[in-house]
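User: I am new to this one and would like a short tour. Could we begin with a pocket and then move on to other features?

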Amino acid sequence: MSLVSANTGAMQLYRSPSPFTFLEPALLLTSVSHENDYEMVCTCETKPPLPDANWGLYSKTCTRCGGSCQVNPTIPKQPLVFRRMVVIVVAVKKMKRGVTAKCLFGDRDLLEMLKNMLVDEDIPYQTCEDTSMAQSDYRFSSCTQYRITDTANKTMLLQEFSDQAQLVAVYLQGPNTSRQVKLNMTSYKSLPPPSNRKLPVTLGIVGKKLHLSCMMVGGQPELRLEEVNSTLINIKSNLLHFLFFKADLTGSGTSCTFESAACPRWYISTSQNANDQVTVRSQADQRAIQNFKLFKE
């Protein structure tokens, strides 16, 4: 008598104690939870396959001895789990090969099965250089007053007209230095934090209700001065044109650039010439001065 048991997840082969009586194979497969039994009996060594998915009485004539091989499966109370199916499938494959080892199912067998099931597959991907900013709410953090000059030591001067105002970069000396623009730089915190690690700020002119803003005009970013009657405590998407990302160039916070949040890669800039308007220029514009020095008041 040959008995195969799957109760502990390993398949064991036992033979009858009598050396003269050898029935091959009387097969008993039992699931881990003892819910499903399969019994197959034949008097010769031919091992017919286990039953398929059609449950019920299963019988087949042995191709070697002509005897009848019979399997009586029981209907499971719940679907087979992965471990039970592995035990059954491996046992069937071992019987088809006529393996007579003491252990029909070991770690090597499970490893071979997993290798056949798991196939390496190349996953296509594409590298994208452009990035976009996630939707964020910017909340007020602090406000500090600064004097500002570009790296050519030009200061900003406010010019006001009846219907508009603008900033120009000029050289001021002596008593005229009192005319230079001072900025209220308000910093914000955001969730999630900006991926570029730059500080979100708004720039307002001291003593005025004017704030610097950047928006698309005719398909081109443009720097403007806009009147704001209330304090910009929280910045949402509808106020994003007031927001700039301040990048610290030296680690001390006194030398920096200002990138528009609404128009990425466009920076507040001055020209090489004096008395020209302060604008926004592309980062690639080598003629523009985009680095500024800050002096806390």
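**The second largest pocket and beyond**

Analyst: Eighteen residues, given as 18 in the count, line the second largest pocket, and E222, L223, R224, L225 and Q277 lie nearest its centre. Please note that this is a predicted model.

User: How much space lies in the second largest pocket?

Analyst: The second largest pocket holds about 310 Å³ of space.

User: Which strands supply at least two residues each to its lining?

Analyst: Those strands are β9 (165-170), β13 (220-227) and β19 (279-282). Of the elements, β13 gives the most to the lining, with seven residues.

User: And how do the lining residues divide into nonpolar, polar and charged?

Analyst: The lining of the second largest pocket has nine nonpolar, five polar and four charged residues.

User: E222 and R224 are both among the residues nearest the centre. What do their side chains form?

Analyst: The side chains of E222 and R224 form a salt bridge, with an N to O distance of 3.0 Å. Side chains of opposite charge can pair when their charged atoms come close.

User: How many salt bridges does the structure hold?

Analyst: The structure holds eight salt bridges. One of them pairs E297 with R147, at 2.8 Å from N to O. This pair links distant parts of the chain: R147 belongs to strand β7 (residues 137-150), E297 lies in the segment after β20 (292-296), and the two are 150 residues apart.

User: How accessible are E297 and R147?

Analyst: E297 has 46% relative accessibility and therefore counts as partly exposed. R147 is partly exposed as well, at 26% relative accessible area.

User: Which salt bridge does R287 form?

Analyst: R287 forms a salt bridge with D285, and their closest N and O atoms are 3.6 Å apart. R287 counts as exposed, because its relative accessibility is 67%.

User: New topic: where is T270 found?

Analyst: T270 is found in the loop between β17 (266-269) and β18 (276-277). With 4% relative accessibility, T270 counts as buried, because buried means under 20%.

User: What does the side chain of T270 join in a polar contact?

Analyst: The side chain of T270 is joined to that of D150 by a polar contact of 2.9 Å. Leaving aside residues up to four places away in sequence, T270 touches D150, K154, A169, V278, A288, I289 and F292.

User: Where do they sit?

Analyst: N275 is in the loop between β17 and β18, and N275 is exposed at 58% relative accessible area. N153 is in the loop between β7 and β8 (155-160), and N153 is partly exposed at 47%.

User: Finally, how many helices and strands does the protein chain have?

Analyst: The protein chain has two helices and 20 strands. Buried residues make up 37% of its 297 residues. Among contacts between residues at least 6 apart in sequence, 51% join residues at least 24 apart.

Key:
Residues are numbered from 1 along each chain as its sequence is written. This is a predicted model: local features need pLDDT of at least 70, side-chain atom pairs count only at pLDDT 80 or more; totals for chains, interfaces and linings use all residues. Side-chain values use heavy atoms; hydrogens and water are left out. A salt bridge is a side-chain nitrogen of Lys or Arg within 4 Å of a carboxyl oxygen of Asp or Glu. Helices (H or I, at least four residues) and strands (E, at least two) are DSSP runs, numbered from the N terminus. Buried means under 20% relative accessible area, exposed over 50%, partly exposed in between (1.4 Å probe, protein chains only). On a 1 Å grid over the protein atoms alone, a cavity is a set of points where a 1.4 Å probe fits but cannot get out, and a pocket is an open set with protein on both sides within 12 Å along at least five of seven lines; lining residues have an atom within 4 Å of a point. Grid points are joined across faces, edges and corners, and a volume is the space filled by probe spheres set on the points. Ala, Val, Leu, Ile, Met, Phe, Trp, Tyr, Cys and Pro count as nonpolar, Asp, Glu, Lys and Arg as charged, and the others, Gly among them, as polar. A polar contact is a pair of N or O atoms within 3.5 Å; within protein, one must be able to donate a hydrogen and the other to accept it, and residues adjacent in sequence count only if both atoms are side-chain atoms. Contact means heavy atoms within 4.5 Å.
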